[in-house]
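Good morning. Please have the structure up on your screens.

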Amino acid sequence: MDRPARVVRELVDVHGRTYAEEAGIALKDTPQPLYRLLVLSQLLSARIRGSIALATARALHEAGLRDPRRMARASWRERVDALGRGGYRRYDERTSTQLGDAAELLSERWGGDLRRLRREADGEVPELRRLLQEFPGIGPAGADIFLREAQGVWPEAAPYLDAKALQGAERLNLPGDPERITELAGDTDPAVLAAALVRAAMDKEVAQDTLRRAG
């Protein structure tokens, strides 16, 4: 096994966990998990610690705000309070409004089902990315997060290694070509690979430790 392949193996062995999994989302191609991923993507895309975004996603779920109908029906204050319990206080008021508006848009345009958005995109990843950005609070970074995580259940998006994941690859001295990195990862779930690379991009110690263990 050559060194790049060892680096990928070590990275995935230690840091191969999707952000959805960490937030308690058992991701499937069904409406509720996909919606929870959309909310998580919005939370993670803000300039706030990832651990807070993950805790907040769990707090929203525990508050019962786990589908667009319930999110839209909740009061603005109920959403603010749930965001606060997760530690998401810096952006809680604006995010509460955006979550409500996004839930209403999803319900009205796509019947509360992101699979309908997927069908509208007709397998075109750039169109998927564009449509995701129609949700309030989901910009380019949020759309990238969603597609990185969803590629395991929406395979037309794979391999989805965005600029952040490729930043992690650069830190690890891996090739800059997503197809080549995917080859090095073998049968690793592409979403798991992407999440591990993002962790290397976000934390220099992750990259350094991985390189050290790869020898």
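Start with the largest pocket: the residues of its lining divide into 10 nonpolar, 3 polar and 7 charged. For these classes, Ala, Val, Leu, Ile, Met, Phe, Trp, Tyr, Cys and Pro count as nonpolar, Asp, Glu, Lys and Arg as charged, and the others, Gly among them, as polar.

Before going further, the ground rules. This is a predicted model, where local features need pLDDT of at least 70, side-chain atom pairs count only at pLDDT 80 or more, and totals for chains, interfaces and linings use all residues. Residues are numbered from 1 along each chain as its sequence is written, and side-chain values use heavy atoms, with hydrogens and water left out.

Back to the pocket. Its volume is about 470 Å³. Of the 20 residues that line the largest pocket, L44, I145, R148, V198 and M202 are the closest to its centre. At least two lining residues each come from α2 (19-22), α3, α4, α10, α11 and α13 (190-202). Helices here are DSSP runs of H or I with at least four residues, numbered from the N terminus.

A word on how pockets and cavities are told apart. The search runs on a 1 Å grid over the protein atoms alone: a cavity is a set of points where a 1.4 Å probe fits but cannot get out, while a pocket is an open set with protein on both sides within 12 Å along at least five of seven lines. Lining residues have an atom within 4 Å of a point. Grid points are joined across faces, edges and corners, and a volume is the space filled by probe spheres set on the points.

How many cavities of 30 Å³ or more does a search of the whole structure find? There are 2.

The largest cavity holds about 70 Å³ of space. The greatest contribution, 4 residues, is from α3.

Two or more residues of its lining come from α3 and from α7 (92-110). Again α3 has the largest share, with 4 residues in the lining of the second largest cavity. The residues are Y35, L38, V39, Q42, L99, A102, F135, P136 and I138. They divide into 8 nonpolar and 1 polar, with no charged residues.

While we are on helix α3, look at L34, which lies in it. Is L34 buried or exposed? Its relative accessibility is 0%, so L34 counts as buried. The cut-offs are under 20% relative accessible area for buried, over 50% for exposed, and partly exposed in between, with a 1.4 Å probe and protein chains only.

Next, helix packing. Two packed helices are described by the angle between their axes and the distance between the axes. The axes are lines fitted to C-alpha atoms, for helices over the stretch in contact, and angles run from 0 to 180 degrees between N-to-C directions.

The axes of α6 (residues 76-85) and α7 come within 9 Å and cross at roughly 125°. That makes α6 oblique to α7. Angles under 35 degrees count as roughly parallel, over 145 as roughly antiparallel, 65 to 115 as roughly perpendicular, and the rest as oblique.

For α8 and α9, the axes come within 8 Å and cross at roughly 135°. These two helices, α8 and α9, are therefore oblique to each other.

Last, the backbone. Most residues other than glycine have a negative phi, and most peptide bonds are trans.

D122 has a positive phi, near 55°. It sits in the loop between α8 (114-121) and α9 (125-132). D122 counts as exposed, at 63% relative accessibility.

N173 also has a positive phi, near 60°. N173 is in the loop between α11 and α12 (178-184), and is exposed, with a relative accessible area of 57%.

Which peptide bond is cis? The one from A158 to P159, with omega near -5°. P159 is in the loop between α10 (140-150) and α11 (163-171).
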